[in-house]
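Please keep the sequence and the coordinates open while reading.

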Amino acid sequence: MKGMKKLLAAVMAGTMLLSMTACGGAKTDGAAAGDGKDAAASGAKSTVNIYATGSDNVRSVWEKLITDFNTNSEYKDKYEAKLQFVLSGTGAQNMRDMLVAAYKAGQTKSDFDIVDLNDTDMSVCLSQGGEDMFVKIDKTKVPNAATVKAKPVQGENVFQPYRGTTVVLAYNSETVPTPPKTMDELVKWIKANPGRFSYNVPGTGGAGDSFVRTAIYNQIPDESALMSDDPKWEKQWDAGFAFLKDLHSSMYKSGGAILYPNKNQGTLDLLGNKEIDMCPAWADMVLSQRRAGTLPESIKITTIDPSFTGAVQSLAIPAFGSNTEGAYAVMNYMLSEQGQKILVDDMAAIPLIDASKLDMTGVEDLATLDVSKFRTQSIGDLVTDLNKRWEQEIGSVG
């Protein structure tokens, strides 16, 4: 922990305040950190720190995966995984900024053994640090990846996809028996049913992010803009923001005022409580909560054209971590039938191995979601300006 505290103090001038309590110190009981070999030789388990970020459902499934890795996997006698989780949308220091800061500070043997990244995080890391930030993946050490066909949008040498995820249109089939099939049809429905649609504040959850970004970039003829962090695209945002402003008066209201919920769960709670009839949502959140009974069976999902964004979530091994071999063990476990089963059962994640090997009962909808056909987006640091403009022009308007 001392090494990490020094890094945070030196690089971020005291602004990187972590709430994690298990991030640092010796990697083994009485053994040196290194790459885990010393620990293995001494018979002690070496620690593998896994850094992840996201909503609470992501934290929950990671906790189950780590428990299984530590107690039931082929690696249980050699490694002990520990989770360092940064909850998104809390105002806490962004995990990817922590990674970039550690790299630029010349850190070595840090606690960043393996990290869980989305497309935006990957884009920012590559633009600010390049592939040298990460270990080039040795496929011989991840044999379970041999059948995985999904690829990251960039950085294929250093990022290993482990689950699919996409934003869909979630709706109450009791009140919306025939959901919109296109964005134009969705807009007509929203205006014809004021107050019955919502999306969460961008920056607090990926579903709202996806709605806002695709709404804006739908107005830009060049589809490649969705995969670029070039500031030139900001000049073409005006039409998209005009589109969102036009929808603003038809959004969900509370106490007579327009209210955009915080976090992905915020809109799902409104949908489940029948305060709204439709919202953008992560497919995995809808399906897992419906199966658990926290969302009613009447809540269904569909895709529209042009679609919201989807992608593969990936793992990477920072070049400045302390346990590369342990990181490979975690990566390989995540692509095992054992790991993928937990992702499907507890998160309704889109599996990246052969789904016929898994029990898909209750989440059959996943079969309609083809990872290879997802509309991806990766606009890097432009999201900061986009979210700031949204807050100024839309979020702060009554």
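Helices α6 and α8 are roughly parallel to each other. The model is a predicted one, and in it α6 spans residues 183–192 while α8 spans residues 238–248. Their axes are 10 Å apart and meet at an angle of about 30°; angles under 35 degrees count as roughly parallel, hence the label. On the α6 side the contact is made by M183, V187, I190 and K191, and on the α8 side by F243, D246 and L247. By residue class, this contact divides into five nonpolar, no polar and two charged residues.

Two residues of that contact, D246 and K191, also meet through their side chains in a salt bridge, with N to O at 2.4 Å. D246 belongs to helix α8 and K191 to helix α6, and the pair links parts of the chain 55 residues apart. D246 has a relative accessibility of 42% and therefore counts as partly exposed. K191, with a relative accessible area of 40%, is likewise partly exposed.

How accessible are the two partners? D346 counts as partly exposed at 32% relative accessibility, and K64 counts as partly exposed at 41%.

A further salt bridge joins R96 and D121, with the closest N and O atoms 2.8 Å apart. R96 lies in helix α4 (residues 95–104) and D121 in helix α5 (residues 119–128), so the parts tied together are 25 residues apart in sequence. Are these two side chains buried or exposed? The cut-off for buried is under 20% relative accessible area. R96 has 9% and is therefore buried; D121, at 4% relative accessibility, counts as buried too.

The strands come next. In strand β3 (residues 114–117), I114 and D116 point one way, V115 and L117 point the other way, and all are buried. β3 pairs with strand β1 (residues 46–54) in the parallel sense over two bridges. Within this pairing, I114 of β3 is the bridge partner of I50. β3 is also joined to strand β9 (residues 310–316), by three bridges, and these two strands run antiparallel. Here the bridge partner of L117 is S314 in β9.

Leaving aside neighbours within four places in sequence, A81 is in contact with V48, I50, I66, F69 and N70. The C-alpha atoms of A81 and T67 are separated by 8.2 Å, and the two residues are 14 residues apart along the chain. Is A81 buried or exposed? Its relative accessibility is 4%, so A81 counts as buried.

The peptide bond from D305 to P306 is cis, with omega near -5°. P306 is placed in the loop between β8 (299–302) and β9, the strand that is bridged to β3.

Which residues other than glycine have a positive phi? K109 has phi near 55° and is placed in the loop between α4 and β3. With a relative accessible area of 55%, K109 is exposed, the cut-off for that class being over 50%. K274 has a positive phi of about 65° although it is not a glycine. K274 lies in the loop between α9 (263–272) and β7 (278–282). At 43% relative accessibility, K274 counts as partly exposed.

Terms used: Residues are numbered from 1 along each chain as its sequence is written. This is a predicted model: local features need pLDDT of at least 70, side-chain atom pairs count only at pLDDT 80 or more; totals for chains, interfaces and linings use all residues. Side-chain values use heavy atoms; hydrogens and water are left out. Axes are lines fitted to C-alpha atoms, for helices over the stretch in contact, and angles run from 0 to 180 degrees between N-to-C directions. Helices (H or I, at least four residues) and strands (E, at least two) are DSSP runs, numbered from the N terminus. Angles under 35 degrees count as roughly parallel, over 145 as roughly antiparallel, 65 to 115 as roughly perpendicular and the rest as oblique. Contact means heavy atoms within 4.5 Å. Ala, Val, Leu, Ile, Met, Phe, Trp, Tyr, Cys and Pro count as nonpolar, Asp, Glu, Lys and Arg as charged, and the others, Gly among them, as polar. Buried means under 20% relative accessible area, exposed over 50%, partly exposed in between (1.4 Å probe, protein chains only). Two strands pair if DSSP finds at least two bridges between them. A salt bridge is a side-chain nitrogen of Lys or Arg within 4 Å of a carboxyl oxygen of Asp or Glu.
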